[in-house]
Amino acid sequence: MSHEPSRQPQSHCVSCGYEAATGGDDWEFVESPSLGRMTSCPECGSTNVTLRR
Ligand SMILES: [Zn+2]
């Protein structure tokens, strides 16, 4: 197994397939009273965003 430590972890929108660096400025963030800060897709607005490894 080879690791690439310089590579940013990516997040992936399940709804539309958008990808960007995890926690990066490309994502939008919404505050939920019950769930806290959630990542929101700037393309489709979905919060169904998963970490991609
Ligand atoms: Zn999306």
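Trainee: Which residue in β2 does H12 stand opposite?

Mentor: H12 stands opposite E19 of β2. Please keep in mind that this is a predicted model.

Trainee: And S11, which residue of β2 does S11 stand opposite?

Mentor: A20 is the β2 residue opposite S11.

Trainee: How many bridges pair β1 with β2, and in which sense?

Mentor: There are three bridges, and the pairing of β1 with β2, which covers residues 19-21, is antiparallel.

Trainee: What lies between the two strands?

Mentor: Five residues separate β1 from β2, and the two strands form a hairpin. In its turn, G17 has a positive phi of about 90°.

Trainee: Moving to the other partner, how many bridges join β1 to β5?

Mentor: Four bridges link β1 to β5, which spans residues 49-52, and these strands run antiparallel. Within this pair, Q10 stands opposite R52 of β5.

Trainee: In what order do the strands lie in the sheet?

Mentor: The order is β2-β1-β5, in an open sheet of three strands with antiparallel pairing. The edge strands are β2 and β5, each of which pairs on one side only. From one strand to the next, the twist averages 30°.

Trainee: Back to β1: which residues are on its covered face, and which on its uncovered face?

Mentor: In β1, residues 10-13, the covered face carries S11 and C13, while Q10 and H12 are on the uncovered face.

Trainee: Why do the side chains alternate between the two faces?

Mentor: That is the pattern of a regular strand: side chains alternate between the two faces of the sheet. In β1, S11 and C13 are accordingly on the covered face, and Q10 and H12 on the uncovered one.

Terms used: Residues are numbered from 1 along each chain as its sequence is written. This is a predicted model: local features need pLDDT of at least 70, side-chain atom pairs count only at pLDDT 80 or more; totals for chains, interfaces and linings use all residues. A residue is buried if 20 or more other C-beta atoms lie within 10 Å of its own, exposed if 12 or fewer, and partly exposed in between; C-beta atoms are placed from the backbone. Two strands pair if DSSP finds at least two bridges between them. Axes are lines fitted to C-alpha atoms, for helices over the stretch in contact, and angles run from 0 to 180 degrees between N-to-C directions.
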